[in-house]
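Here is a short briefing on one protein model. Look over the sequence and the structure, then read the points below.

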Amino acid sequence: MSSYDCCTRKEAKVNRFSLVQFDRNQYSVPTEYTGKVVTVKGYVDKIEIYYQQTKLATHERCYDSGKQKFQLDHYLKLLKPNQYGKPTFLNRLPSTMKPYSVLTRQRVTGVL
């Protein structure tokens, strides 16, 4: 007897903010997959995102509309400081992540 994946499967392109659109919401993936086409599997309780056979992310499924779900560790590689010693990505974050940018700036730069 075969086992079947009880999910909705969709191909999606990762946008410039490392987000993937699925069912009226966006979910984050690691930044190195920006621009790539990934497979999104939507289960009743979770979203799994794959690139080829590699699982990139698992998020709790959101049934609202227009929400963005982030995992901060997906963005940690962007913490490389610029010539002024400040992380360059903090100024390019979507507005829903601005509260995280304040905390991250404090951790990275030591400035409150």
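**The open sheet**

An open sheet is built from 3 strands in the order β2-β3-β7, with mixed pairing. Its edge strands are β2 (19-22) and β7 (68-69), and each of them pairs on one side only. The model is predicted: local features need pLDDT of at least 70, side-chain atom pairs count only at pLDDT 80 or more, and totals for chains, interfaces and linings use all residues. Residues are numbered from 1 along each chain as its sequence is written, and side-chain values use heavy atoms, leaving out hydrogens and water.

**Overall make-up**

- The protein has 1 helix and 7 strands. Helices (H or I, at least four residues) and strands (E, at least two) are DSSP runs, numbered from the N terminus.
- Along the sequence, the pattern reads β-β-β-β-β-β-β-α.
- Of the 112 residues in the protein, 36% are buried. Buried means under 20% relative accessible area, exposed means over 50%, and partly exposed lies in between (1.4 Å probe, protein chains only).
- The accessible surface of the protein is about 7,500 Å², and 51% of this belongs to carbon and sulfur atoms. Such areas come from the Shrake-Rupley method with a 1.4 Å probe; for residues, only the protein chains shown count as cover.
- Among contacts with a separation of 6 or more, 42% join residues 24 or more positions apart. A contact means heavy atoms within 4.5 Å.

**Strand pairs**

- Strands of a sheet pair through backbone hydrogen bonds, either parallel or antiparallel. Here, two strands count as paired if DSSP finds at least two bridges between them.
- β2 pairs with β3 (residues 25-28) in the antiparallel sense, over 4 bridges. Phe22 has Asn25 in β3 as its bridge partner.
- β4 and β5 run antiparallel and are joined by 4 bridges. Lys41 stands opposite Glu48 in β5. A hairpin of 3 residues links β4 to β5.
- β5 and β6 also run antiparallel, joined by 6 bridges. Lys46 has Glu60 in β6 as its bridge partner.
- The hairpin of β5 and β6 has 2 residues between the strands, and Gln52 takes a positive phi near 55° there.

**The nonpolar core**

- Which residues touch the most other members of the largest nonpolar core? They are Val20, Val29, Val38, Val40 and Ile49, out of 14 residues in this core.
- A nonpolar core is a set of buried Ala, Val, Leu, Ile, Met, Phe, Trp, Tyr and Cys residues joined through side-chain atoms within 4.5 Å.
- At least two core residues come from each of β2, β4 (37-42), β5 (46-51) and β6 (54-60).
- Leaving aside residues up to four places away in sequence, Val29 touches Val14, Ser18, Val20, Ile49, Leu56 and His74.

**Salt bridges**

- Side chains of opposite charge can pair when their charged atoms come close. A salt bridge puts a side-chain nitrogen of Lys or Arg within 4 Å of a carboxyl oxygen of Asp or Glu.
- The whole structure holds 6 salt bridges.
- Arg24 bridges to Asp23, with the closest N and O atoms 3.7 Å apart. Arg24 is partly exposed at 48% relative accessibility, and Asp23 is partly exposed at 31%.
- Glu48 forms a salt bridge with Lys46 (3.2 Å, N to O). Glu48 counts as buried because its relative accessibility is 6%. Lys46 is partly exposed at 28%.
- Glu48 also forms a salt bridge with Lys55, at 3.3 Å between the closest N and O atoms. Lys55 is partly exposed, at 44% relative accessibility.
- Asp5, Arg9 and Lys41 belong to one network of salt bridges that share partners.
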